[in-house]
Amino acid sequence: MSFKLLSQILSQPTAPYREMHVQKLLTTTFDKHGVSYFSDPAGNIVVGVKNLEEYKLRLRQSSREPVRLFIAHTDHPGFHGDVWLGEKKLKIKWLGGSPTKHLKKSGMWVASADGLASDAMLTEATLDKSKRFLAEGIVEFKNAETKNAFPDPIKLFGGFRFKAPVWTKGDLVYTKAADDLVGAYCISQLAIDLKTKQDQSANFLGLLTRAEEVGFMGAIAHFELGWLGEATRKVVCVSLEASRALPGAEIGKGPVVRLGDRATVFDAKALQVLTQVAATRLKGKHQRRLMDGGTCEATVATAYGFPAIGISIPLGNYHNQSFEGGPESKGPLGPAPEFVHKHDIKNMLKLCAAVMETGLNWETPWAERLANFRKTHALAPL
Ligand SMILES: [Zn+2]
């Protein structure tokens, strides 16, 4: 695990449809390590192949091994600039989940395609009708020159700012956005690690999507292309997420074999493989439950007819809303940094590597259990 790369990713400004900085860092990293990638027409990054031709070849290779398509998103809830109301006053539109209390006077960061633009403060905040997330607000910039420098407000985007974009305290990693930059890190690191394992990398694809937080826009666009539908071998989708911590999915107790999300349960066969792999490789160091605190891209894959599973890192202060509190929290349900546990990330990576091993029983993962059922039944005839 490279904590340096993780920390670089977590430091990048990002918001729905404004993933350019995360993408730039990742593609630069891929170039450095010789990892192939290309952009699909929706601007998602496909990892592990260098163009559509290679992508289709991978899906059509004759193999008993399924392609594991790892999916994570590169955005995080945030705002887009809307209208300038003064020299340093900007009306904003919020996209995705958010804290709902103690919003006024919150510190914000603002960025453009060129990088961080300015620090700012949220001075007005209006919640959506449901009262469950921010709809719009006004941010006031520290720097009076901002309007001159950025006359087009739409080019600005931002989110909640804390003492640093990322810092650690013991084994906890605090950041403005772990969801889902931790998942994007894991896929990137996995792709780098697979470079030395050709037999395994032939069964790998990564998909780093855009605008998940506003309704899986990037993932839907990718499935809509129909490319995956041309596969002649099995494709198993693996969603990697940072998901709201829940009882039984606690921070520091290991990655979670995600049985489903708020929308659906996942594929019983592929889940059985994941369950067995986790039991042998991460004995006592993983958790297992239905993570129904949110919906993830495995649901999109399921809707499009692909077997899907998920692995989650338990996440503190989901969507920067203070559920667990801690440093820099502005109070219950107010703005707070998200946080995750280093060991959970390390072990998620381990689990992903194990899922890539060749020779796992994807075809008949229940065979052993079935044999046991039959044996038990024979011992207790009616
Ligand atoms: Zn999210």
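**Exercise 1. State the volume of the second largest pocket and describe its lining.**

Step 1. The second largest pocket holds about 290 Å³. A pocket is an open set of points on a 1 Å grid over the protein atoms alone, with protein on both sides within 12 Å along at least five of seven lines; lining residues have an atom within 4 Å of a point. Volume is the space filled by probe spheres set on the points, which are joined across faces, edges and corners.

Step 2. Its lining has 17 residues; S36, G48, R58, S201 and A202 are the closest to the centre.

Step 3. Helix 3 (52-60), helix 5 and helix 6 (198-201) each give two or more residues to this lining. Helix 3 has the largest share, three residues. Helices (H or I, at least four residues) and strands (E, at least two) are DSSP runs, numbered from the N terminus.

Step 4. By class, the lining has eight nonpolar, six polar and three charged residues. Nonpolar covers Ala, Val, Leu, Ile, Met, Phe, Trp, Tyr, Cys and Pro; charged covers Asp, Glu, Lys and Arg; the others, Gly among them, are polar.

The model is predicted: local features need pLDDT of at least 70, side-chain atom pairs count only at pLDDT 80 or more, and totals for chains, interfaces and linings use all residues. Residues are numbered from 1 along each chain as its sequence is written, and side-chain values use heavy atoms, without hydrogens and water.

**Exercise 2. Describe the largest pocket in the same terms.**

Step 1. Its volume is about 570 Å³. Of its 23 lining residues, G97, R262, G293, Y318 and H319 are the closest to the centre.

Step 2. Strand 13 (residues 235-244) supplies the largest share of the lining, four residues.

Step 3. The classes are five nonpolar, 10 polar and eight charged.

**Exercise 3. Find the largest nonpolar core and the surroundings of C237.**

Step 1. The largest core has 80 residues. A nonpolar core is a set of buried Ala, Val, Leu, Ile, Met, Phe, Trp, Tyr and Cys residues joined through side-chain atoms within 4.5 Å; buried means under 20% relative accessible area (1.4 Å probe, protein chains only).

Step 2. Y55, F70, F204, C237 and L240 have the most contacts inside this core. Helix 5 gives the most to it, with 10 residues.

Step 3. Leaving out residues up to four places away in sequence, C237 touches L69, I71, F223, A301, F306, P307, A308 and I309. Contact means heavy atoms within 4.5 Å.

Step 4. A second, separate core of 20 residues includes W84, L103, A120 and F339.

Terms used. Buried < 20%, exposed > 50% of the residue type's maximum accessible area, 1.4 Å probe, protein only. 1 Å grid on protein atoms, 1.4 Å probe; cavity = no way out; pocket = protein on both sides within 12 Å on 5 of 7 lines; lining within 4 Å.
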